[in-house]
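Please keep the sequence and the structure in view while reading.

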Amino acid sequence: MIEELIEFFEKNEFVKLNQLKFNYLNAVCVSPEQIYGFVQFETEAELRENWEKAADELAVKLQSRLVKELHMLKWDVYLIVIITQNQIDTSYRKLIENDRHYFRKIVITKNDAPYINRIPFVLDLTSNKELLIFNDNEFFEEFRECLKQSTLSKLPPDFFNPKLTADQLIDFFSSIKKDDLN
């Protein structure tokens with residue numbers, strides 16, 4: 001699991017740090033925008049015993065040493081906690097992921113494949129519309145719910161059609177008076 005993730009990061013222009021020696025962390029990958037520490041555990045018991053030690057090690061050996069132009073990277077450090085079991089106790093996973101001391105922690109189990117979907121990675125979301133969390137239909141539905149009934153009655157029936165182009169919406173708004181929508 002960890003090899004797959006590190007390989008992905010290296011293919012995406014991250015550099016694996018080999019200069020620092022770690023006792024708990026398996027690897028650290030860095031870029032000018034983000035730093036990821038990786039630690040892998042075989043069992044939940046091992047996870048419970050050592051994840052905080054791995055977090056402390058990343059904070060002390062790397063995050064605390066970010067000076068000068070690298071200082072702002074301290075807000076873009078992540079600890080990826082990998083466990084080779086299919087799943088772990090959900091409440092314990094939430095405890096780890098909600099712990100914001102030093103930096104954000106992300107727990108990945110075998111059931112989380114593809115693993116990269118769990119990682120806050122700098123991606124070009126415009127190329128894959130399936131990755132969007134809030135699509136056009138959801139936007140229009142939320143927008144419709146925010147409007148008063150009196151306003152809704154003044155809008156054309158196809159106003160909330162996500163297929164309308166920006167030019168069509170601009171034409172609509174240009175053709176009405178401000179007082180008509182109030």
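## A residue in the core

Does Leu 47 count as buried or exposed at its relative accessibility? Leu 47 counts as buried because its relative accessibility is 0%, where buried means under 20% relative accessible area, exposed means over 50%, and partly exposed lies in between (1.4 Å probe, protein chains only). The model is a predicted one, in which local features need pLDDT of at least 70 and side-chain atom pairs count only at pLDDT 80 or more, while totals for chains, interfaces and linings use all residues. Residues are numbered from 1 along each chain as its sequence is written, and side-chain values use heavy atoms, with hydrogens and water left out.

Leu 47 has its place in helix H2; helices (H or I, at least four residues) and strands (E, at least two) are DSSP runs, numbered from the N terminus. Leaving aside neighbours within four places in sequence, Leu 47 is in contact (heavy atoms within 4.5 Å) with Phe 41, Val 81, Ile 83, Ile 88, Tyr 92 and Ile 96.

## The nonpolar cores

A nonpolar core is a set of buried Ala, Val, Leu, Ile, Met, Phe, Trp, Tyr and Cys residues joined through side-chain atoms within 4.5 Å. The largest such core has 26 residues, and those with the most contacts inside it are Leu 25, Val 28, Ile 35, Leu 47, Leu 58 and Leu 79. Two or more residues of this core are given by each of strand S2 (27-30), strand S3 (35-41), helix H2 (44-61), strand S4 (77-83) and helix H3 (90-98), and the largest share, six residues, comes from H2. Apart from this core lies another, of 17 residues, among them Leu 5, Phe 9, Cys 29 and Phe 38.

## The sheet and the helices beside it

Five strands form an open sheet in the order S1-S2-S3-S4-S5, with mixed pairing; two strands pair if DSSP finds at least two bridges between them. The edge strands, each pairing on one side only, are strand S1 (15-16) and S5. S1 and S2 run antiparallel and are joined by two bridges, and Val 15 has Val 30 in S2 as its bridge partner. H2 packs on the sheet, touching S2, S3, S4 and S5, and its direction makes about 160° with that of S4, where axes are lines fitted to C-alpha atoms, for helices over the stretch in contact, and angles run from 0 to 180 degrees between N-to-C directions.

In H3, the residues Tyr 92, Arg 93, Ile 96 and Glu 97 are buried. They are on the same side of H3 because they cover an arc of only 135° around the axis, the arc being that of the directions from the helix axis to the C-beta atoms. On the other side of H3, Ser 91 and Asn 98 are exposed, whereas the buried residues of H3 pack against H2 and S5.

## A buried lysine

Lys 105 is found in strand S5 (residues 104-108), and Lys 105 counts as buried because its relative accessibility is 0%. The side chain of Lys 105 makes a polar contact with the side chain of Asp 99 (2.8 Å), and it also reaches the backbone oxygen of Phe 103 at 2.9 Å. A polar contact is a pair of N or O atoms within 3.5 Å; within protein, one must be able to donate a hydrogen and the other to accept it, and residues adjacent in sequence count only if both atoms are side-chain atoms.
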